Amino acid sequence: MPLQEHNYWLTTAELPTPDAARPLPEVVDVAVVGSGFTGLSAARTLSKHGAKVAVLESETIGWGASSRNGGMVLTGMKLSVRKLMSMYGRERTRKMYAASLASIDCVEQIVREESIDCDFSRCGHLEVACKQKHFDDYERQSEIIEVEFNHKLRVVPRSDLAGEIGSSIYFGGMVDEVSAGCNPARYAAGLARSAMKAGAEIFEHARVETITRESRQGEPGWKITTSRGPLWAHEVFIGTSGYTSATTPALQKKLIPIGSFIITTEILPAPLARELSPRNRMIYDSKNYLYYYRLTPDGRMLFGGRAAFFPENDQTIRRSADILRRGMISVYPQLRDARIEYVWGGTLDFAFDIMPHAGQIDGMYYAVGYAGHGVAMATYQGQKIAEMMATERSGANRPENPFVGIPFPGAPFGLYNGQPWFLPFAGAWYKFLDWVN
Ligand SMILES: Cc1cc2nc3c(=O)[nH]c(=O)nc-3n(C[C@H](O)[C@H](O)[C@H](O)COP(=O)(O)OP(=O)(O)OC[C@H]3O[C@@H](n4cnc5c(N)ncnc54)[C@H](O)[C@@H]3O)c2cc1C
């Protein structure tokens, strides 16, 4: 098959297609903006709490990063635990780490409860060290994680690495058996169906254009205009991640949209697939400008990375196919002759402190900033913020969420209006850091 500039996962999934002619409701309890894992998970939970919910999606269900990612359901956060402890102290970091573990359980529980057929499997993840000093740090990191968070990682020396990966370029690895893998497009489809089953209505091709405070019959709330007409909502929940726009300017200024790209090979012979990844792990390397890769359930190698820092467009996608193929062969020379069948890209969101953030901004609820660790955390934050909203309506105690209330920094000196002019410099800076560190 010739190379397709198309998301492979979408060829395996059937996303629900809500009736395009159905008019928007006039009034809802909550308008959820975005139908990725964050928005869908929030809509599911809010509906289960009895709220009337409209999910407004400018494209189609799961169109954003949620259907385009590597399907790695990962423990931990982008920042190292030492960095987290220095930023937030021991107690909050413990809660954050516990939340990252709970987020995997959260996905698993939804998949089970809703019988979502998305190849969810606790196959574990493997981080591989690109330098000896990265490997030396694994011992220290795993020790801190065991002592502080009571969570066990396994450090794999170079001499034993063949049992984990069919590549000889790494200096060792670190395994977390708790992480999982899934087919993200099928998961998004199942999550959308479960939100609809709970009572949420999803409106595709309904781009939210403006959100303004407006009372209705003496009740405070929001007037929302969309490309499919207006509606009024008591509350608004924003789950737009890397696709956040000037519709929510305060949030847009705090997020950097970064492109990430993926290729998949043709279906590989089973013995070759086993040789590349004997335990079928979710794998990523220790660089800033990292590669992440895994086998798909039908036995392709899926290989991703920040081949370009800019979000996806025809040019960056086409260029990425070559760059990633070269990267893949540098890891796995065995794949020199494997045909590349799909290439696609997506946009993820980084906050300036590379942390997830959730809570309220300008009176609207939101959860963003997953920095490439969003499959589990977006599902979890969608659910947690929805629970927080439900308790605020009922007057019950707020559920604990260690990501609510932490400082949410903007760009240094306010040098950012939502247009990431500095991405080429950031890309070069990360490459430089990988070279010297
Ligand atoms: C290529 C790639 C690989 C990744 N790999 C992994 C991985 O393996 N593991 C992992 O944990 N994470 C990964 N991530 C990150 C993960 O996919 C995201 O963090 C997660 O999907 C974010 O979900 P979300 O619902 O917050 O946002 P999204 O899924 O991006 O959804 C946001 C939605 O909001 C909609 N929207 C935006 N503005 C408006 C508006 N004004 N009106 C209406 N709708 C609007 C968009 O159309 C979009 O559908 C990856 C991301 C990418 C791009």
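A: Let's start with a term: helices and strands here are DSSP runs, a helix having at least four residues and a strand at least two, and they are numbered from the N terminus. Keep in mind that you're looking at a predicted model.

Now for the empty space. Rolling a probe the size of a water molecule over the atoms shows where empty space is left. In this structure, 3 cavities of 30 Å³ or more turn up.

The largest cavity has a volume of about 60 Å³. Its lining is made of Gly76, Met77, Lys78, Ile354, Met355, Pro356, Gly369, Tyr370, Ala371, His373 and Met377. Sort those residues by class and you get 7 nonpolar, 3 polar and 1 charged.

Next comes the second largest cavity, with about 40 Å³ of space. Around this one you'll find Ser241, Gly242, Thr244, Gln252, Leu255, Ile256, Pro257, Asp349, Tyr416 and Gly418. Strand β12 (residues 255–265) gives the largest share of that lining, 3 residues. By class, the lining of the second largest cavity has 4 nonpolar, 5 polar and 1 charged residues.

Let's go back to Met377, one of the residues lining the largest cavity. Met377 belongs to helix α9, and it is also among the α9 residues that meet helix α3. Two packed helices are described by the angle between their axes and the distance between the axes. For α3 (residues 81–113) and α9 (residues 374–394), the axes come within 8 Å and cross at roughly 85°. Angles of 65 to 115 degrees count as roughly perpendicular, so α3 and α9 are roughly perpendicular to each other.

Who's touching whom there? On the α3 side, the residues are Ala99, Ser100, Ala102, Ser103, Ile104, Cys106, Val107 and Ile110, while α9 brings Val375, Ala376, Met377, Thr379, Tyr380 and Gln383. That contact of α3 with α9 counts 10 nonpolar, 4 polar and no charged residues.

Notes:
Residues numbered from 1 in each chain as written. Predicted model: local features only at pLDDT ≥ 70, side-chain atom pairs only at ≥ 80, totals over all residues. Heavy atoms only, no water. 1 Å grid on protein atoms, 1.4 Å probe; cavity = no way out; pocket = protein on both sides within 12 Å on 5 of 7 lines; lining within 4 Å. Points joined across faces, edges and corners; volume = space filled by probe spheres on them. Nonpolar A, V, L, I, M, F, W, Y, C, P; charged D, E, K, R; others polar. Axes fitted to C-alpha atoms, helices over the stretch in contact; angles between N-to-C directions. Parallel < 35°, antiparallel > 145°, perpendicular 65-115°, else oblique. Contact = heavy atoms within 4.5 Å.
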